[in-house]
Amino acid sequence: MSKQNILLEVRDLKAYFPVKRKSLREEKKVVKAVDDISIEIFKGETLGIVGESGSGKSTLGRTILKLIEPTSGEILFEGQPIQQLTGRALQKFRNQMQMVFQDPFSSLNPRMRIGDIIEEPMKLQLSLTKEERRQRVKELLEKVGLREDAMRKFPHEFSGGQRQRIGIARALAINPAFIIADEPVSALDVSVQSQVLNLMMDLQDDLGLTYMFISHDLGVVKHISDRVAVMYLGRIVEMGEKNALYENPLHPYTQALLAAIPVVDFDKKRDTEPLKGDLPSPMDPPVGCVFHTRCPKAMPICSQKRPVLSSQNNQQRVACFLYEEEGI
Amino acid sequence: MNEHKELVLEVKDLSISFDLPNGQEAKVVEDISFSVYKGETLALVGESGSGKSITSLAVMRLLPIPPGRIASGTIRLNGHDLLQMKLKEMSSIRGNEISMIFQEPMTSLDPVFKVSSQLIEGIRRHQKVSKKEAFEIALGMLKEVGIASAEKVMHEYPHQLSGGMRQRVMIAMAMANNPKLLIADEPTTALDVTVQAQILRLMLKMKEEHGSAILFITHDMGVVAETADRVMVMYAGQIVEEAPVKTLFTEPKHPYTIALLKTIPSLDENVRRLPSIPGTVPSASQLPNGCRFAARCEHAMPICSEKQPDMMEFAHRQQVRCHLYTEKGVSANVEAEHFA
């Protein structure tokens with residue numbers, strides 16, 4: 001896999017947020033939304049990021065886009081570190097990346113016409129004449145399966161699925177190489193959800209796009225991704241090729257997550273106990289392995305040391321003492 | 001059909017309309033009939049705009065009237081017509097004989113009162129007990145819904161609790177008076193899968209122990225398969241198919257049900273393209289004359305856009321509203337196509 005071209009590499013990325021103290025005597029606290037994450041994304045692939053709410057998956061996406069300043073760590077785009085980029089160079093880098101948001105109702109300006117919404121990023125970032133821009137808007141609308149007359153309409157005239165298509169057209173406006181989609185289908189009905197997923201996959205084939213697909217829905221992530229990373233409390237606990245990960249989950253959290261999905265199967269009734277308790281507060285995450293407070297297989301070492309993400313086989317990496325010498 | 005079972009809720013020919021500001025009328029729910037029996041979970045499935053939540057609000061008599069209007073029909077709880085009841089009688093039934101759990105537990109709990117006072121108020125409203133006794137009942141309920149630190153939670157405000165915890169408090173509140181009917185409107189949609197699994201298991205336990213009838217509203221077919229005994233599929237204000245849960249998943253008959261089941265990304269199979277249903281649900285103010293699904297249906301025939309199909313009965317108490325099954329011969333084709 002390493003022979004493939006790496007488009008984006010993230011090294012030891014951390015994004016911490018200070019928490020307001022109630023009094024001066026109180027200890028200074030930080031929320032570790034993204035804690036020591038290293039990933040690489042290959043050209044043309046889809047990397048799925050799954051996790052429950054509060055796991056830091058959206059913060060990870062935003063930090064990569066430089067919408068949130070990372071606390072430490074490196075982000076390399078096509079081998080180039082992006083931290084130091086400013087002005088023109090930053091602009092050029094931003095041209096390569098776009099984001100599709102979850103809520104198609106609040107991410108489109110209700111007072112702008114669809115044509116203007118899609119045209120706006122081109123004005124900022126491409127040197128095209130007005131004519132050319134209009135032409136491109138038409139092409140984009142056609143590409144995402146909307147009629148040309150949509151240009152003159154306002155967002156409220158469209159359904160959720162159509163609005164998400166508009167959001168995708170806007171993201172494609174400046175020809176990006178990399179798109180971060182943050183829960184793009186979570187607000188949509190299932191029948192419409194599959195339309196948008198199919199569209200995203202078709203566009204990937206046509207334009208050679210690379211996706212980072214963030215979602216809490218394990219079924220959707222499996223469908224669209226090539227590789228999947230599972231996040232828990234700001235850390236990646238397991239990462240791997242999707243079929244390997246779904247068929248043979250190694251980390252107890254991944255196992256619990258997969259077992260918790262309601263399935264349509266009347267022959268085998270589920271007998272595994274659901275995971276107990278809730279996600280601990282990211283303000284004081286457990287010492288050691290972040291999952292040990294809810295882990296059915298926790299050992300003494302889990303509350304003392306933090307496991308590192310290490311390769312188990314060609315296809316999977318896992319951060320768990322069950323698979324380390326020390327643990328056994 | 002169900003002589004041995006006790007009928008709890010019976011809805012007959014219920015139609016609900018909304019009067020729009022421009023003088024038009026939106027038929028949000030049309031002619032729906034269903035029954036829920038004791039100790040049974042009936043799932044009501046449909047996409048947004050199908051009328052499933054409006055139906056449940058009508059049962060609770062919580063519809064905003066106006067602009068809403070119950071155009072026709074009866075809703076009977078243990079034989080008493082809820083629609084004929086005075087508001088005072090109704091409010092003694094709400095929270096007592098019928099309880100409801102909503103999707104977003106934060107908006108349905110009062111942010112300025114502690115969990116204890118909200119639970120105690122609900123209990124003392126319907127049971128003649130002292131504050132102290134009510135406190136004990138409430139504490140017991142919290143323990144029953146699996147809250148380990150029940151004493152602590154009693155003295156906390158809703159914002160101090162996590163989403164799963166709040167939904168547990170809501171369930172405790174709903175079950176505190178042993179309701180005969182529990183309406184759950186997307187109770188786990190806002191929750192994470194691991195918490196959802198806990199809540200679903202809890203609701204199953206409540207049903208088994210208290211024998212309540214549950215009307216479970218959801219759009220998630222996986223959740224339906226795990227919780228329901230019978231399923232009703234709604235589309236644009238109508239019931240298009242009703243069947244026992246196993247029959248619905250193994251022998252779906254309505255093209256909408258079939259399509260809905262196919263669009264769910266499966267964890268076991270690898271398909272490159274998901275089948276999708278083209279188009280969107282028609283708006284309630286501009287409903288087509290014929291079958292409401294005709295415009296999106298891959299089996300649509302000329303008759304579908306002219307005449308509304310009627311509900312037809314099949315074996316195993318399966319009911320379907322589709323023209324494909326009105327003429328013999330055609331139906332065999334469809335099945336062969338889908339189950340080959």
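**Figure 1. The interface of chain A and chain B.** Chain A and chain B bury about 3500 Å² between them, with 52% of this area on carbon and sulfur atoms; buried area is the accessible area (1.4 Å probe) that two parts lose on being put together, summed over both. The model is predicted: local features need pLDDT of at least 70, side-chain atom pairs count only at pLDDT 80 or more, and totals for chains, interfaces and linings use all residues. Residues are numbered from 1 along each chain as its sequence is written, chains are lettered from A and ligands numbered from 1 in the order in which they are written, and side-chain values use heavy atoms, with hydrogens and water left out. In this interface, 40 residues of chain A are in contact with 40 residues of chain B, contact meaning heavy atoms within 4.5 Å.

Figure 2. On the side of chain A that touches chain B, the elements giving two or more residues are α6 (190-207), α7 (218-224), α8 (242-247) and α9 (252-260) of chain A. Helices (H or I, at least four residues) and strands (E, at least two) are DSSP runs, numbered from the N terminus. The largest share of that side, eleven residues, is contributed by α6(A). By class, the side of chain A that touches chain B comprises 16 nonpolar, twelve polar and twelve charged residues. Here Ala, Val, Leu, Ile, Met, Phe, Trp, Tyr, Cys and Pro count as nonpolar, Asp, Glu, Lys and Arg as charged, and the others, Gly among them, as polar.

Figure 3. Because seven of its nine residues are buried, α9(A) is largely enclosed by the rest of the structure. Buried denotes under 20% relative accessible area, exposed over 50%, and partly exposed in between (1.4 Å probe, protein chains only). The buried residues are A:P252, A:Y253, A:T254, A:A256, A:L257, A:L258 and A:A260. Their cover includes α7, β9 (227-232), β10 (235-241) and α8 of chain A, together with α8 (193-210) of chain B.

**Figure 4. Cysteines without disulfides.** A search of the whole structure finds zero disulfides over all chains, a disulfide being a pair of cysteine sulfur atoms within 2.5 Å. A:C302 is in no disulfide, and the nearest cysteine sulfur, that of A:C289, is 5.9 Å away. A:C302 is buried, with a relative accessible area of 8%. In chain B, the closest cysteine sulfur to that of B:C304 belongs to B:C291 and lies 5.9 Å away, too far for a bond. B:C304 likewise counts as buried, at 8% relative accessibility.

Figure 5. B:Q318 belongs to strand β12 (residues 318-321) of chain B and is buried, with a relative accessible area of 1%. Its side chain reaches the backbone oxygen of B:E251 at 3.0 Å. Leaving aside neighbours within four places in sequence, the residues in contact with B:Q318 include B:E241, B:E242, B:A243, B:T247, B:P252, B:K253, B:M312 and B:E313.

Figure 6. The structure holds 28 salt bridges over all chains. In one of them, A:E183 pairs with A:K57, the closest N and O atoms being 3.8 Å apart. A:E183 lies in the loop between β7 (178-182) and α6 of chain A and A:K57 in helix α1 (residues 57-64) of chain A, so the pair ties together parts 126 residues apart in sequence. A:E183 is buried at 7% relative accessibility, and A:K57 is buried at 8%.

Figure 7. A:E148 forms a salt bridge with A:K138, with the closest N and O atoms 3.9 Å apart. A:E148 is in the loop between α4 (130-143) and α5 (160-172) of chain A and A:K138 in helix α4 of chain A, so the pair ties together parts ten residues apart in sequence. A:E148 is partly exposed, with a relative accessible area of 46%, as is A:K138 at 30%. In chain B, the side chains of B:R69 and B:E25 meet in a salt bridge (3.2 Å, N to O). This pair links distant parts of the chain, with B:R69 in strand β4 (residues 68-77) and B:E25 in strand β2 (residues 25-37), 44 residues apart. B:R69 is partly exposed at 32% relative accessible area, and B:E25 is partly exposed at 37%.

Key:
A polar contact is a pair of N or O atoms within 3.5 Å; within protein, one must be able to donate a hydrogen and the other to accept it, and residues adjacent in sequence count only if both atoms are side-chain atoms. A salt bridge is a side-chain nitrogen of Lys or Arg within 4 Å of a carboxyl oxygen of Asp or Glu.
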